[in-house]
Amino acid sequence: MFSVIRENVRLAPYTTLRIGGVARHFADIDREDQLRAALQFAEQNDLPVFVLGGGSNVLIADVGFPGVVLH
């Protein structure tokens, strides 16, 4: 697995409401090559992708997200 991707990351700390379950896969993206690698990982593993910005105006379910969260 590409080093930028972490598994089972709690999403609550990344939202302004501090609510949300666990992301199966989570990628902190700082560079274009990291974005490409994370998207390739999601495609190869047939996983949905969710882009999480600043975390405001978003409510994440307690069950979390079964795919790759790009932050």
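Here's a short walk from the sheet to the helix and then into the cores.

A heads-up: this is a predicted model, where local features need pLDDT of at least 70 and side-chain atom pairs count only at pLDDT 80 or more, while totals for chains, interfaces and linings use all residues. Residues are numbered from 1 along each chain as its sequence is written, and side-chain values use heavy atoms, with hydrogens and water left out.

**Stop 1: the sheet.** Select the strands (DSSP runs of E, at least two residues, numbered from the N terminus). You'll see an open sheet of four, in the order β1-β2-β4-β3, with mixed pairing; to pair, two strands need at least two DSSP bridges between them. β1 (5–10) and β3 (49–51) sit at the edges with a single partner each, so one side of each has no neighbour in the sheet. Now pick β2 (residues 22–27): β1 and β2 run antiparallel, joined over five bridges. Zoom in on Val9, and opposite you'll find Ala23 in β2.

**Stop 2: the helix.** Select α1, residues 32–44; helices are DSSP runs of H or I, at least four residues. α1 packs on the sheet, touching β1, β2, β3 and β4 (65–70), where contact means heavy atoms within 4.5 Å.

**Stop 3: the core.** Which residues make up the largest nonpolar core? Select Val4, Ile5, Ala27, Ala38, Phe41, Ala42, Leu47, Val68 and Leu70, nine in all. A nonpolar core joins buried (under 20% relative accessible area, 1.4 Å probe, protein chains only) Ala, Val, Leu, Ile, Met, Phe, Trp, Tyr and Cys residues through side-chain atoms within 4.5 Å. α1 gives the most to this core, with three residues.

Conventions. Axes are lines fitted to C-alpha atoms, for helices over the stretch in contact, and angles run from 0 to 180 degrees between N-to-C directions. Buried means under 20% relative accessible area, exposed over 50%, partly exposed in between (1.4 Å probe, protein chains only).
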